[in-house]
Amino acid sequence: MSQSSCRRSIPMMDTIVTIEAPASPEHPRMAFREEVIERALGWFAAVEQRCTRFNSHSELMQLTAQTGRPVPVSDLLFEAVRFALAVAEETGGAFDPTVGFSMQARGFDREYSTRQNSGVTIHPDEPASYRDVQLDPDRKTITLRRPLILDLGAVAKGFAIDLAARELRDLDNFSIDAGGDLYLAGCNANGRPWSIGIRHPRLDGELFDVLSVSGRAVCTSGDYERRLHNQEEHHIVDPRSGASPKSVASVTVIAPTAMLADAVATAAFVLGPVEGVRLIESIGVDGLIISPALERYETEGMKEYKLGSPAIL
Amino acid sequence: MKHLSRSARFVYLEAVILVLAIVLIVAGAAGGSRISEWSVFAGVALFVLAGVPALRALTGSAPSDDLLLERKPSGRKVSTSLVALSSAAILAVYAAGYERTNSAADQFASQTASARHRTSAVPAVVAAVARSTEQAAIASNALQLSQTPSAKPPVNSVPATAAPIPVPVRETAAPVELPASVPEPARAEIVSSPAVVAALAEEQPVVAAVQVASAPEPPRSRYADGTYFAWGSCRHGTLQVQVVIEAGRITSADINQCRTRYSCSVIRTAPPQVIGRQTPDAIDNVTGATQSIDAYYDAVADALNQAAKSAR
């Protein structure tokens, strides 16, 4: 029985968030670890409150309701948007947090697990892009130059993971799992680096590969998640075309922070296997892309994370 | 840093070229010889070379590397900026946000602590109210997530953010002298939970305050009566349990939602063991279902933890 490893799960951010903290010589008592985990979970609530697209009272949706004038926002929302825009700039729009409108129009207008609608409709005349968002770092304001919806989905979840990880830094060993997006620190309950399985994109219940990770975030985007009723379109949209990319089945990115891994995984998905790996390399992180034909494309640095045969778990 | 100074150098260079161009044109126009014509040509050429990007820089937004350099620098120079930016964002928000986002909880907790010094009867209720409303909020999330149409009436949808923030429940804790220290800001921050909490309190004995207030002496049982929900997760997926405490005893610990890859029926022997032994600690392992048993154990332990906190 895993009594010495402390584990907590709560429903949050449209998924289940689990934090696990195995005992360590410095922190043998569960009570202390429980307390820290509780504080870390609070960050998910804070991020969701500010950044969710599915609640018209969230700070993000209130920002969306005001077009053409600078809106003062919290540090959290400001930094999340600033980062998302930086990634959009770096990836030439392959990642673009302003895809919100086309996602809403295509049916992704409610939270997956709760079926909660955002209740807000936007009717822009022409497609907006990340260039329509202006930031003022001195006054901490965001200006939307035209009606649009910001979808911070990928960045927000990663941000919450990173903030929670910072809260947990007193503990040497912990893992955060937010619906498959992970942050791993130290070692697992067996004293080894965390073993992370990459879900096989086509065979349910199987693993494509297993990685050995410590001190890194691991985020995966797959075309098997969140499919719409017609099964043709999934939740990742190419902001430049409005369609779901078909040349990638799954992208896994390993990076120092989860917000970066999340955003880069989304962008790489859109760019395709070859361009995607090139992007991941250029940003200075590592990743693995699996095509629908199950071909593997990966960065040079991925070999650092190999565990061996998947049988060793 | 380095590319900033590069752009500054470029601007300086452009300014010099512009001045040179103007000098050449003026000198060439003033003179009449062949050399003057070339001078004008050269001046115009330099003007175009340096002037156009400078003009763009003046009229457009702040110049980015795109304007001053023909291509983005390759390699790690730009790449590390994203890594650094994400780290900086995390540090900035962590430093600024921790106090504010938890202020409501901290305020309530500190005022609860000071209330404890005033009278002995009140604190148990205040703590119970705080914890029970927390559970009510968590329970509301559980109901919201539950796909099964249960006997419970439909609940207004509540943002999940209501969960960790304790909300004072005035509706149900009527007879109790709730301390005036119940903070206004905490309630103002909550979006829509009071209605939900009230709805839940009517049909589930989640709000321990009611029982504690009616008894002349609060019973010192280990668990507060009520229904508690909690999630457990393992490699195969997640599951949710529903633990019911009646008269201080665990009367049920069933799996409410099974989201594991394998059916939860493999661990159907676990709930009766919890009831029989009144603890999850002694659940026997099920061969081939260790992971699911672990998840079940974690969930029941979590639920009992909530019940224990309510009883304090």
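# Close-up views of a predicted two-chain model

View 1. Residues are numbered from 1 along each chain as its sequence is written, chains are lettered from A and ligands numbered from 1 in the order in which they are written, and side-chain values use heavy atoms, leaving out hydrogens and water. Strands (E, at least two residues) and helices (H or I, at least four) are DSSP runs, numbered from the N terminus, and two strands pair if DSSP finds at least two bridges between them. To find your bearings, look for A:Gln134, which stands opposite A:Thr143 in β5(A). These strands belong to an open sheet of three strands with the order β3-β5-β4 in chain A and antiparallel pairing.

View 2. From first C-alpha to last, the 16 residues of α3(A) reach 22 Å, close to the 22 Å expected at 1.5 Å a residue (the expected span is 1.5 Å times one less than the number of residues). The helix is mostly covered, with 12 of its 16 residues buried (under 20% relative accessible area; exposed is over 50%, partly exposed in between, with a 1.4 Å probe and protein chains only). Among the buried residues are A:Leu76, A:Phe78, A:Val81, A:Phe83 and A:Val87, along with A:Glu79 and A:Glu90.

**View 3. A:Ser74 sits in the loop between β3 and α3 of chain A.** Is A:Ser74 buried or exposed? A:Ser74 counts as buried, because its relative accessible area is 13%. Leaving aside residues up to four places away in sequence, A:Ser74 touches A:Arg50 and A:Glu59.

**View 4. Strand β10 (residues 216-222) of chain A is largely enclosed by the rest of the structure.** Why is β10(A) described as largely enclosed? Five of its seven residues are buried. It has two pairing partners to look for in this view. With strand β7 (residues 181-185) of chain A, β10(A) pairs in the antiparallel sense over three bridges, and A:Leu184 stands opposite A:Arg216. With strand β11 (residues 250-255) of chain A, β10(A) pairs in the antiparallel sense over six bridges, and A:Val218 stands opposite A:Ile254.

**View 5. A:Phe44 and A:Ile176 touch the most other members of the largest nonpolar core, which has 85 residues.** A nonpolar core is a set of buried Ala, Val, Leu, Ile, Met, Phe, Trp, Tyr and Cys residues joined through side-chain atoms within 4.5 Å. Helix α6 (residues 258-271) of chain A gives the most to this core, with 11 residues. Apart from this core lies another, of 27 residues, among them B:Leu239, B:Ile250, B:Tyr296 and B:Leu304. Which residues does A:Phe44 touch? Not counting residues up to four places away in sequence, its contacts are A:Met12, A:Met13, A:Val17, A:Ala160, A:Ile161, A:Ala164, A:Ile176 and A:Ala178.

**View 6. B:Tyr94 touches several residues of chain A.** You will find B:Tyr94 in helix α4 (residues 76-101) of chain B. At 14% relative accessibility, B:Tyr94 counts as buried. Its contacts, not counting residues up to four places away in sequence, are A:Trp43, A:Leu163, A:Arg166, A:Glu167 and A:Arg169. Its side chain makes polar contacts with the side chains of A:Glu167 (3.2 Å) and A:Arg169 (3.3 Å). A polar contact is a pair of N or O atoms within 3.5 Å; within protein, one must be able to donate a hydrogen and the other to accept it, and residues adjacent in sequence count only if both atoms are side-chain atoms.

**View 7. Chain B has 11 helices and three strands.** Starting from the N terminus, its elements run α-α-α-α-α-α-α-α-α-β-β-β-α-α. Of the 312 residues of chain B, 45% count as buried. Among contacts in chain B between residues at least 6 apart in sequence, 57% join residues at least 24 apart. Helix α11 (residues 290-311) of chain B has 22 residues and reaches 31 Å from its first C-alpha to its last, close to the 32 Å expected at 1.5 Å a residue. This helix, α11(B), is mostly covered, with 16 of its 22 residues buried.

Technical notes: This is a predicted model: local features need pLDDT of at least 70, side-chain atom pairs count only at pLDDT 80 or more; totals for chains, interfaces and linings use all residues. Contact means heavy atoms within 4.5 Å.
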